[in-house]
Amino acid sequence: MKHKKIIFIGLGLIAIVFIISAYIFNQSAEQPEKFQYKEESNLFSDIIFDVVVDVARKGNIVQSISASGVTKPLRQLDVTPNINGIVKNFFVEEGSKVNEGDLLVKLDDSEYLISLKEAESKLIETQIEYNLIRHSVPMERMENNSTNSLVLEATKKFKDAEEAYKAKRISEKEYQKIKRNYEAAIIYSPDIREDVIAQKSGLNQALVNLERVKLNLNYTEIRSSLNGYAADVNVHIGQNVKTGEKLMQLVDVSSIKVEIGVLETEIKLIQRGSNVDVNIPAFPGKTFKGKIKNISPIIDTQTKTCKAIVEIDNREGIIKPGMYANVEIETEVFKNKI
């Protein structure tokens, strides 16, 4: 009995020792965590933030929306010949500055000069024929009473037919018949005697042919139709060019435009004449001033944006077509705000 009692006391002592050891171990495990938290707390309390202070003042606060696009010239056009021909000479290179009316390309005009002489010769022939006919038909024959009566009667019938045709009282076939009779009758009218003789002698056609030849001769000189620069020049002496073939491009960069897409939810905020700030990555730190020139009346169904055109003054010529541009459009200005 005594022996059992000693065993129980020993087990109790062991249990007490185990409990005390476990408690001490837990306390030591928690202590570094508390210490670490304290260190972290001290670390955050030592962080310093830079603060900038300025004087409060009143001014304008500008609200804006952003967009982007690519710069394009104000005007550009392809230079193409109106006739077939061989390049005799050209007077511009890539990037050449041109003024309106400057000669760009000269085509060989040999054949057209020959055609001009032929047309002038034909005109002289028809002028002779015209005068012969004119003097062979006495004016009295053209102005007799029967002729005048014929013309007056045909004129009255034609006017009546016009009113009847508009009122749908006669058919188009009847109207055309009366009209042909009228046109045939007025040939004998003294008022158009000279025109009839000119047509019969071939004078009218000769004059038309002469004007056409002069026009073609003029087309051998290809001139600039704007002030700007020559670009994409593709022409050389002896080149056989055809009507409509592109020889070069002319660009007017005195002003630059940027086509942008404005979200349909924001289009109501802008209008023609709205002020615009344009930033071009090629010119860091520089802001160009512009205005909204045009706004499309439709929304693109794919992008849900509306096209707007921004125009920028470029008289210095530093902005080149094809540059990327970021655009800030002024939508509202809050004046005299802190």
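Contact means that heavy atoms lie within 4.5 Å. The legends below use the word in that sense, and the model they describe is predicted.

**Figure 1. Ser96 in its loop.** Ser96 sits between strand 2 (85-90) and strand 3 (97-98), in the loop that joins them. Setting aside neighbours within four places in sequence, Ser96 is in contact with Gly228, Tyr229 and Ala230. A polar atom of the Ser96 side chain is 2.8 Å from the backbone nitrogen of Glu93.

**Figure 2. The whole protein, for orientation.** The protein has seven helices and twelve strands. Of its 338 residues, 26% count as buried. Among contacts in the protein with a separation of 6 or more, 77% are between residues 24 or more positions apart. The accessible surface of the protein is about 24000 Å², and carbon and sulfur atoms account for 55% of that area.

**Figure 3. The largest nonpolar core.** This core has 29 residues, and Leu104, Val105, Met248 and Leu250 are those with the most contacts inside it. Two or more residues each come from strand 4 (103-107), helix 2 (110-136), helix 6 (193-201), helix 7 (203-218) and strand 8 (248-263). Helix 2 contributes the most, with six residues. Apart from this core lies another, of 24 residues, which includes Val258, Val262, Phe288 and Ile319.

**Figure 4. The surroundings of Leu250.** Neighbours within four places in sequence are again left aside. Leu250 is in contact with Arg75, Gln76, Leu77, Val79 and Val98, among others. Further contacts of Leu250 include Leu104, Ser224, Ser225, Leu226, Tyr229 and Ala230.

**Figure 5. Ser224, a buried loop residue.** Ser224 belongs to the loop between strand 5 (221-223) and strand 6 (228-231). Its relative accessible area is 5%, so Ser224 counts as buried, the cut-off being under 20%. A polar atom of the Ser224 side chain lies 2.6 Å from the backbone oxygen of Leu226. Beyond neighbours within four places in sequence, Ser224 is in contact with Val98, Asn99, Glu100, Gly101, Asp102, Leu104 and Leu250.

**Figure 6. A nonpolar patch on the surface.** Phe49, Val51 and Val53 make a nonpolar surface patch of about 410 Å². Phe49 is placed in the loop between helix 1 (2-45) and strand 1 (59-79). With a relative accessible area of 68%, Phe49 is exposed, because exposed means over 50%.

**Figure 7. Pro281 and Tyr324.** Pro281 is part of the loop between strand 9 (275-279) and strand 10 (287-295). Pro281 and Tyr324 are 43 residues apart along the chain, and their C-alpha atoms are separated by 7.0 Å. Apart from neighbours within four places in sequence, Pro281 is in contact with Tyr324 and Asn326.

**Figure 8. Two lysines with positive phi.** Most residues other than glycine have a negative phi. Lys168 has a phi near 60°, which is positive. Lys168 lies in the loop between helix 4 (145-166) and helix 5 (172-185), and its relative accessibility of 74% makes Lys168 exposed. Lys304 also has a positive phi, near 60°. Lys304 is in the loop between strand 10 and strand 11 (305-313). At 42% relative accessibility, Lys304 is partly exposed.

Key:
Residues numbered from 1 in each chain as written. Predicted model: local features only at pLDDT ≥ 70, side-chain atom pairs only at ≥ 80, totals over all residues. Heavy atoms only, no water. Core = buried A, V, L, I, M, F, W, Y, C linked by side-chain atoms within 4.5 Å. Buried < 20%, exposed > 50% of the residue type's maximum accessible area, 1.4 Å probe, protein only. Helix = DSSP H or I, 4+ residues; strand = E, 2+ residues; numbered from the N terminus. Patch = residues over 30% accessible without salt bridge, like charges linked within 9 Å, V, L, I, M, F, W, Y side chains within 5 Å. Areas by Shrake-Rupley, 256 points an atom, 1.4 Å probe, with all protein chains shown as cover. Salt bridge = Lys/Arg side-chain N within 4 Å of Asp/Glu carboxyl O. Polar contact = N/O pair within 3.5 Å; in protein donor to acceptor, adjacent residues only side chain to side chain.
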